Amino acid sequence: MKLLGLVMAGLALVACGDDEVGDGGETGSELDGKQLGALTAEEADAVCHDVGGQVRALSKEDKCELAGVAASIFGLECETAKQECMSAPEEPEEPASCDELEFAGCTATVAEFKACTTAMIDSVAAITCESTIADFMQKPAACAALEEKCPGFFEDEEEETESEDP
C-alpha cells in the first residue's frame with residue numbers, strides 16, 4: 001500500500017532525524033480543499049512533509065511496539081523485539097523520499113488525505129504487543145474517501161506489477 005508506505009517512510013524520516021520534516025501544520029488550510037492531483041510539485045512535497053511531521057508525534061515505544069508486531073509475523077516474540085528496539089540506539093538511516101507518492105489523477109482533497117494519514121498514524125499509536133498485524137493493516141474509516149478517489153494509494157506493489165504486465 002502506498003499510503004502505508006508513506007506512514008512507514010515517515011517513520012524512517014523520524015528515525016533518521018530529518019530536520020526538514022514539518023510539524024504537521026505547515027501547509028495549513030489554504031491547500032485543504034485542493035485536489036491532490038492538482039497540486040504543484042512544491043505543494044505535494046509540502047503536504048508529504050506535513051504528514052511526515054505528524055509521525056514525529058509517535059513515541060519510540062509506539063514505533064517499537066509496531067516493530068514487535070511486525071517481528072511476530074516471522075515467529076519472533078513481540079515483547080522481546082519491542083524491548084530490543086527500545087534499548088537500541090537510534091541509528092541514522094537513509095532518508096525516505098516523498099517521491100513515492102503519485103498524486104496524478106487523484107481527486108481526493110488534501111484534507112481527505114490528511115484525515116486518512118492521521119487515522120493511520122493513530123492506528124500505529126494504538127498498536128501493542130497484544131495486537132495482530134491484521135489490526136494494523138485494517139484501513140481506518142477515514143480512508144474511505146481516499147480509497148474511492150485515489151484507488152492506487154491502496155494497491156500494493158504486487159498488484160501494481162500485475163496490472164502493468166501485458
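Modeller: Thr109 is found in the loop between α4 and α5. Here helices are DSSP runs of H or I with at least four residues, strands are runs of E with at least two, and both are numbered from the N terminus. The model is predicted, with local features requiring pLDDT of at least 70 and side-chain atom pairs counting only at pLDDT 80 or more, while totals for chains, interfaces and linings use all residues. Residues are numbered from 1 along each chain as its sequence is written, and side-chain values use heavy atoms, leaving out hydrogens and water.

Thr109 has a relative accessible area of 19% and is therefore buried; buried means under 20%, exposed means over 50%, and partly exposed lies in between, with a 1.4 Å probe and protein chains only. Apart from residues up to four places away in sequence, Thr109 touches Asp32, Gly33, Lys34, Gln35 and Leu36, where contact means heavy atoms within 4.5 Å.

Leu36, Leu39, Phe113, Leu146 and Phe153 have the most contacts inside the largest nonpolar core, which has 18 residues. Such a core is a set of buried Ala, Val, Leu, Ile, Met, Phe, Trp, Tyr and Cys residues joined through side-chain atoms within 4.5 Å. The elements giving two or more residues to this core are α2 (41–55) and α5 (110–126), and α5 provides the largest share, 4 residues. A second, separate core has 10 residues, including Leu58, Leu66, Cys78 and Val124. In soluble globular proteins, nonpolar side chains tend to be buried together.

The helices α2 and α5 can also be viewed as a pair. Their axes come within 10 Å and cross at roughly 25°; axes are lines fitted to C-alpha atoms, for helices over the stretch in contact, and angles run from 0 to 180 degrees between N-to-C directions. This angle makes α2 roughly parallel to α5. Angles under 35 degrees count as roughly parallel, over 145 as roughly antiparallel, 65 to 115 as roughly perpendicular, and the rest as oblique. Val47, Asp50, Val51, Gln54 and Val55 in α2 meet Val110, Phe113, Lys114, Thr117, Thr118 and Ile121 in α5. The residues of this contact divide into 6 nonpolar, 3 polar and 2 charged. In this scheme Ala, Val, Leu, Ile, Met, Phe, Trp, Tyr, Cys and Pro are nonpolar, Asp, Glu, Lys and Arg are charged, and the others, Gly among them, are polar.

Ala38, in the loop between α1 (2–16) and α2, counts as partly exposed at 44% relative accessibility. Ala126 lies in helix α5 and is exposed, with a relative accessible area of 55%. Ala126 and Asp62 are 64 residues apart in sequence and 7.7 Å apart in space, C-alpha to C-alpha.

Overall, the protein chain has 8 helices and 0 strands, and 42% of its 166 residues count as buried.
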